[in-house]
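Colleague: Before I use this model, I would like to go through the terms behind its description. Please set each value against its definition.

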Amino acid sequence: MQLLKQLCQVHAPSGNEKNMTDFLLNYINQHKVQWKVQPVIVNNEDFQDCILLVFGEPRTAVFAHMDSIGFTVRYGKQLVPIGGPAIKIGYKLTGTDSQGEINCTLNYNEEEDTLQYEFEREIERGTDLTFACDFRETNETVQSCYLDNRLGVWAALRLAESLENGVIAFSCWEEHGGGSVAYLAKYIYEHYHVRQALIADITWVTEGVQPGKGVVISMRDSLIPRRSYVQKIISIAKESGVPYQLEVEGAGGSDAKELQKAAYPWDWCFVGAPEDNVHTPDEIVNKNDIASMVKLYQVLMEKL
């Protein structure tokens with residue numbers, strides 16, 4: 001879990017993913033020699049901070065967003081959210097401005113009805129802050145801020161070790177409305193004619209989805225994927241023997257929203273481990289679900 005811990009520690013909220021891009025490119029270039037197939041690495045100004053890894057003759061693309069939720073310093077001590085972070089007075093936040101490192105706490109001003117920070121000095125406006133990382137591991141679980149979606153990124157990197165044919169796309173901005181998947185999907189479709197996708201992201205523990213019971217295959221959230229494609233994935237999962245759970249929700253979303261609305265015939269399905277304490281510094285995932293997520297992705301990328 002050392003790599004996952006390192007990923008969770010990278011400061012990369014939506015719109016400021018470059019630290020994660022640099023970390024991933026460095027990791028990929030160091031480790032790709034050990035992978036079964038050497039991928040084509042696509043990362044240039046046309047892709048902003050996103051990364052594509054293209055293996056062999058791809059049929060399916062895996063999308064994993066790199067960004068996290070957080071906060072932006074407004075005026076004075078005010079904060080505005082990046083995405084939908086949980087709010088609790090006393091949460092520890094970190095960041096950097098031109099005056100140095102920042103370790104502050106989250107506060108709420110009832111009179112002004114504003115989120116604020118508590119710190120020894122004024123933080124420069126526009127500075128982004130993220131939850132301080134306290135990575136905890138037991139025999140059964142991992143717990144940290146930003147398992148959503150550093151765990152999805154980690155699973156994609158594990159997949160890359162043995163992947164022979166496929167695309168892995170590391171995307172940006174998902175937590176704050178998206179924006180990068182549209183041009184990634186266009187490029188992948190036009191250059192490789194790939195039009196089926198898996199969304200490597202993290203979902204919720206609910207009354208119907210329990211920790212330790214297996215990776216989640218989502219049948220729908222706020223969007224509805226094509227049923228025949230989802231059924232194909234369920235059939236492959238059932239035949240593989242990998243533990244899985246089916247999810248049905250009416251809310252939530254992912255990188256899939258841009259595929260759903262694309263001008264290309266993309267099929268997609270969300271496949272990921274469930275977490276509790278969503279969007280807090282204490283997100284927690286069962287290791288059995290992590291293992292089944294990696295295994296099912298390996299099977300799906302071979303069979304689809």
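Colleague: Where is Q48 found?

Modeller: Q48 is found in the loop between β1 and β2. Helices (H or I, at least four residues) and strands (E, at least two) are DSSP runs, numbered from the N terminus. This is a predicted model, in which local features need pLDDT of at least 70 and side-chain atom pairs count only at pLDDT 80 or more, while totals for chains, interfaces and linings use all residues. Residues are numbered from 1 along each chain as its sequence is written, and side-chain values use heavy atoms, with hydrogens and water left out.

Colleague: Why is Q48 called partly exposed?

Modeller: Buried means under 20% relative accessible area, exposed over 50%, and partly exposed in between (1.4 Å probe, protein chains only). Q48 has a relative accessible area of 40%, so the label is partly exposed. Its phi is positive, about 50 degrees, although Q48 is not a glycine.

Colleague: What makes H279 buried?

Modeller: The relative accessible area of H279 is 15%, so H279 counts as buried. H279 is not a glycine either, yet has a positive phi of about 60 degrees. H279 sits in the loop between β18 (274-275) and β19 (283-286).

Colleague: How do you know that the length of helix α2 agrees with its number of residues?

Modeller: The expected span is 1.5 Å times one less than the number of residues. For the 14 residues of α2 (residues 18-31) that gives 20 Å, and the end C-alpha atoms are 20 Å apart, so the two agree.

Colleague: Why are the buried residues of α2 said to line one face?

Modeller: The buried residues are M20, T21, L24, L25, Y27 and I28. Seen down the axis of α2, they fall within an arc of 165 degrees, so they line one face. The arc is that of the directions from the helix axis to the C-beta atoms.

Colleague: What makes the largest nonpolar core a core, and how many residues has it?

Modeller: A nonpolar core is a set of buried Ala, Val, Leu, Ile, Met, Phe, Trp, Tyr and Cys residues joined through side-chain atoms within 4.5 Å. The largest has 82 residues, and L24, F63, F170, L198 and W266 have the most contacts inside it. Helix α3 (residues 147-160) gives the most to this core, with nine residues.

Colleague: Why do β13 and β17 count as paired?

Modeller: Two strands pair if DSSP finds at least two bridges between them. Four bridges join β13 (residues 196-199) to β17 (residues 267-272), and these strands run parallel. Q196 has D267 as its bridge partner in β17.
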